[in-house]
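Look at the model first, then read on.

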Amino acid sequence: MLPAVSILQLIGFAVLLVAMVTWVTGLVRLSRRERAEASGRLRRQQLLSSVPRQAGPGGPPWESVELSAAEREAFAGLVRRLTRRS
């Protein structure tokens, strides 16, 4: 221990040092979190821009198929069977 420095000065220095380390640690964590959120937003925007836009509420015409009466009845029977089991 230094003879010219009082114990109160050493305690004050230690408290200031701990506060500085805590502040720097918090600042680094905050900047990393902001960077991660920004990259996540960018990634989501890139993913959404790769999905094609839908033309109207029914979607593009090449995605809709006309079913015959027999096919509609078979599909309705399948739906009834599947919902009965749940």
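Q: Why is Val21 called partly exposed?
A: Val21 has a relative accessible area of 45%. Buried means under 20%, exposed over 50%, and partly exposed in between (1.4 Å probe, protein chains only). Val21, at 45%, is therefore partly exposed. This is a predicted model, in which local features need pLDDT of at least 70 and side-chain atom pairs count only at pLDDT 80 or more, while totals for chains, interfaces and linings use all residues. Residues are numbered from 1 along each chain as its sequence is written, and side-chain values use heavy atoms, with hydrogens and water left out.

Q: Which helix holds Val21?
A: Val21 lies in helix α1, residues 7–50. Helices are DSSP runs of H or I with at least four residues, strands are runs of E with at least two, and both are numbered from the N terminus. The protein has two helices and zero strands.

Q: What makes Arg80 and Glu73 a salt bridge?
A: Their closest N and O atoms are 3.2 Å apart. A salt bridge is a side-chain nitrogen of Lys or Arg within 4 Å of a carboxyl oxygen of Asp or Glu, so the pair Arg80 and Glu73 qualifies. The count by this rule is one salt bridge.

Q: Why is Glu73 called partly exposed?
A: Glu73 has 47% relative accessibility, so Glu73 counts as partly exposed.
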